Amino acid sequence: MGGDSVRGGISEGPVTAGKVLVCSRCFHRWVARKSDGPPKNCPKCRSTVWMKDYHVCRCYRCNHEWGTTNSEPKRCPKCHSVKWAVPVRNSDAAPRSRFAPRNPMDPEKVEDVLRRYADGESCTTIAISTGMSFSDVYDIVRSNVSDGRIMV
Ligand SMILES: [Zn+2]
Ligand SMILES: [Zn+2]
């Protein structure tokens with residue numbers, strides 16, 4: 001057994017005859033004919049970097065896209081930002097207010113509820129006749145009636 005060792009000085013990777021090679025640039029596939037190392041150029045696009053990890057980078061700053069074989073480009077070639085790979089925090093997007101009212105109440109409804117309550121209707125009656133939920137009516141009455149005695 002054995003004796004199947006690859007001859008020749010392969011320094012750039014295990015390329016043997018019959019191996020399918022793929023160009024990372026144009027995705028051309030071809031079969032290696034020789035076993036003396038990878039070809040210099042992609043037979044289709046003639047790229048000399050076909051076997052390198054060619055990938056597309058996008059700059060977060062200026063949205064420029066460029067292809068490179070550099071795994072970690074230092075700068076965006078367009079805007080020269082070194083933070084091209086760092087997502088930009090959108091400072092314009094104001095955080096949602098944590099103090100926003102849970103159910104913003106229609107002032108007309110509030111007025112209606114208070115008028116009905118002043119006319120002697122109970123919270124239950126008001127809720128039924130206005131179609132509002134009892135808790136909404138109760139909240140309005142409670143926050144507007146000062147003597148603390150609420151007709152439920
Ligand atoms: Zn190619
Ligand atoms: Zn850029």
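Val110 is partly exposed because 17 other C-beta atoms lie within 10 Å; a residue counts as buried with 20 or more such neighbours, as exposed with 12 or fewer, and as partly exposed in between, with C-beta atoms placed from the backbone. The model is predicted, so local features need pLDDT of at least 70 and side-chain atom pairs count only at pLDDT 80 or more, whereas totals for chains, interfaces and linings use all residues. Residues are numbered from 1 along each chain as its sequence is written, while chains are lettered from A and ligands numbered from 1 in the order in which they are written.

Val110 lies in helix α1; helices (H or I, at least four residues) and strands (E, at least two) are DSSP runs numbered from the N terminus. Beyond four places in sequence, Val110 touches Met105 and Ile140, contact being C-beta atoms, placed from the backbone, within 7 Å. Asn144 is 34 residues from Val110 in sequence, yet their C-alpha atoms are 9.5 Å apart.

Val137 touches Val113, Cys123, Ile126, Ala127 and Met132, leaving aside residues up to four places away in sequence.

Elsewhere, strands β3 (residues 55-58) and β4 (residues 65-68) run antiparallel and are joined by 4 bridges, pairing requiring at least two DSSP bridges. Arg58 stands opposite Glu65 in β4. The two strands form a hairpin with 6 residues between them, and Asn63 in the turn has a positive phi of about 65°.

Notes: Two residues are in contact if their C-beta atoms, placed from the backbone, lie within 7 Å.
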